[in-house]
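Work through the exercises below with the structure in view. Each task is followed by a solution in steps.

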Amino acid sequence: MVVPQLVQILRTLVTTGYSTEHSISGVSDPFLQVQILRLLRILGRNHEESSEIMNDLLAQVATNTDTSRNAGSAVLFETVLTIMDIRSAAGLRVLAINILGRFLLNSDKNIRYVALTSLLRLVQSDHSAVQRHRPTVVECLREPDASLSRRALELSLALVNSSNVRAMTKELQGFLESCPVDLRADCASGILLAAERFAPTKRWHIDTILQVLTTAGTHVRDDAVANLIQLIGGAQELHTYSVRRLYSALAQDISQQPLVQVAAWCIGEYGDLLLEGSCEETEPLQVEEEEVLALLERVLQSHMSLPATRGYALTALMKLSTRFRGDNNRIRQVVSIYGSCLDVELQQRAVEYSTLFRKYDHMRAAILEKMPLVDRGGPQVDEEVKENKEVAQLLEPAPVPTEPQASKLLDLLDLLDGTSGDAQKPPPLGPSPEGTLIHLLDLPCAPSAPAPIPNLKVFEREGLQLNLSFVRPPGTPDLLLITVTATNASEGDVTHFICQAAVPKSFQLQLQAPSGDIVPAQGGLPVTQLLRILNPNKAPLRLKLRLTYNHFGQSVQEIFEVNNLPVETWQ
């Protein structure tokens with residue numbers, strides 16, 4: 001067997017050396033040591049017996065190699081890679097990660113970069129051991145070198161968990177205030193994702209998002225506004241606190257558009273709490289109705305406001321006409337001015353609001369009443385998750401219904417009928433109570449099952465593959481259900497996976513929550529996400545997708561357009 005011979009050669013090199021003429025900086029023939037370590041890594045991978053033979057020698061090399069010179073660091077780094085690739089003992093793996101931790105303190109930037117990249121690869125498999133070096137990793141965020149700070153940011157985000165989320169978020173927010181512009185989007189998105197996954201309280205979650213929007217609002221993800229609005233809407237006990245915080249932030253700065261949009265929505269929705277509500281958690285705030293209206297008018301008139309932001313502000317003014325007790329003449333005048341706005345969307349909204357004032361004033365209070373409370377974990381979310389699972393079952397070779405009630409629901413709604421050759425067809429109407437009810441209601445018989453729409457592969461890179469499957473419910477011909485399925489055949493997990501979609505304005509798109517944000521390696525459980533697209537004009541469908549994820553320690557973003565969708569999806 002070749003492994004014992006290689007182990008003996010390497011042990012001789014480490015202890016006595018062969019000849020001084022091959023020594024470099026006191027390290028005996030480092031080139032030969034590196035080659036032997038690489039060969040041992042190949043031979044010991046997935047081989048228990050060979051790995052057991054190497055353990056003692058690798059521990060000896062790891063503890064006795066001098067790292068004051070680059071030659072010793074090179075040998076030690078190859079030792080670490082070998083330890084992590086073979087089936088080594090747990091203590092030896094901890095030793096290897098500690099060596100990488102010492103590399104982070106090295107004065108050489110290349111060695112620090114290599115250490116950060118290696119720790120990022122190991123954070124999934126040895127999270128607790130890497131976690132011990134969190135303070136050193138956070139210090140690397142302040143590196144002036146852009147590549148080092150980017151790697152440190154990726155590793156810091158990967159180290160966030162429920163026990164350290166407060167401390168890590170505080171460090172990351174400090175980095176966000178001073179980081180280079182090209183890192184702000186990644187840092188802001190990472191903080192928002194971490195807060196969504198590990199937030200200890202709703203108030204802390206709201207404060208964190210507000211801080212990110214205030215610091216780097218123009219760099220946040222597109223869904224940050226909707227997520228914060230949903231979060232505030234579902235926290236009734238924090239409505240007064242949120243509207244006061246947002247009003248104060250808006251009064252100080254109207255340049256951060258996502259922050260302005262959330263603030264305008266919150267002021268319009270809970271403006272009465274801004275004037276009358278009491279909140280012990282914020283400083284006393286005395287606000288008059290005219291001050292609030294003037295602030296929203298300032299947002300409407302600002303050259304920095306986007307058309308969407310002006311839409312939020314105009315709607316907020318309209319809602320305040322029912323929240324405030326004063327005269328509505330000022331609001332009427334502002335709304336009528338935008339009835340001749342060049343922006344068609346804003347003009348249409350203003351004309352509709354003016355008509356509501358003029359012709360349907362008796363209905364205004366009912367139309368503009370407060371939104372119902374939104375529970376992020378309520379029945380609606382549960383139904384969406386259940387529906388995603390039911391659609392995902394269509395991808396399996398032989399789906400087996402496990403819940404009769406769910407099957408009955410599918411039959412009644414006729415949502416997924418005829419989407420798979422193995423899918424169970426509705427039973428014929430018989431003398432059952434359900435059948436009697438259908439005859440009493442004189443409902444028509446179920447239509448014949450349409451032909452299935454072929455699946456489509458739209459993306460593949462380094463083992464990550466994205467496939468689209470299509471369902472057109474017979475009862476709603478304008479509706480198309482697209483299930484996005486992400487699979488990973490590579491050796492490393494795909495983490496922080498986000499799929500976003502866009503369609504032309506003539507379509508209506510509803511993007512539902514994905515089943516997860518980690519695509520496991522080697523063909524693990526796929527990640528699925530449901531897209532609902534309404535196409536009333538039967539126009540040819542074009543779909544634009546944006547993927548962001550981390551793979552093999554690299555942050556990846558892909559934007560591409562899908563123009564080859566089957567004609568059955570829109571005809």
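**Exercise 1.** Which residue in E6 does Ala 486 stand opposite?

Solution. Ala 486 stands opposite Val 527 in E6. Before going further, note that this is a predicted model, in which local features need pLDDT of at least 70 and side-chain atom pairs count only at pLDDT 80 or more, while totals for chains, interfaces and linings use all residues. Residues are numbered from 1 along each chain as its sequence is written, and side-chain values use heavy atoms, with hydrogens and water left out.

**Exercise 2.** Describe the strand pairing of E3 and its burial.

Step 1. Strands (E, at least two residues) and helices (H or I, at least four) are DSSP runs, numbered from the N terminus. Strand E3 covers residues 479–488.

Step 2. Two strands pair if DSSP finds at least two bridges between them. E3 pairs with strand E2 (residues 464–471) in the antiparallel sense over 8 bridges; there, Asn 467 has Thr 485 of E3 as its bridge partner. With strand E6 (residues 527–534), E3 also pairs in the antiparallel sense, over 8 bridges.

Step 3. Buried means under 20% relative accessible area, exposed over 50%, and partly exposed in between (1.4 Å probe, protein chains only). Of the 10 residues of E3, 9 are buried.

**Exercise 3.** Classify the aromatic pairs Trp 265 with Tyr 270 and Phe 459 with Phe 560.

Step 1. Rings of Phe, Tyr and Trp (its six-membered ring) pair if their centres lie within 6.5 Å; planes under 30 degrees apart count as stacked, over 60 as edge-to-face and the rest as tilted. The whole structure has 3 aromatic pairs.

Step 2. Trp 265 and Tyr 270 are edge-to-face, at 5.8 Å centre to centre with 85° between the planes. Trp 265 has 14% relative accessibility, so it counts as buried; Tyr 270 has 3%, so it is buried too.

Step 3. The ring centres of Phe 459 and Phe 560 are 5.5 Å apart and the planes lie at 10°, so this pair is stacked. Phe 459 belongs to strand E1 (residues 456–461) and Phe 560 to strand E8 (residues 554–562), so that the pair links parts of the chain 101 residues apart. Both Phe 459 and Phe 560 are buried.

**Exercise 4.** Which residues of H5 meet H6?

Solution. With contact meaning heavy atoms within 4.5 Å, the H5 residues are Ile 97, Leu 100 and Phe 103. In H6 they meet residues including Ile 111, Arg 112 and Leu 122.
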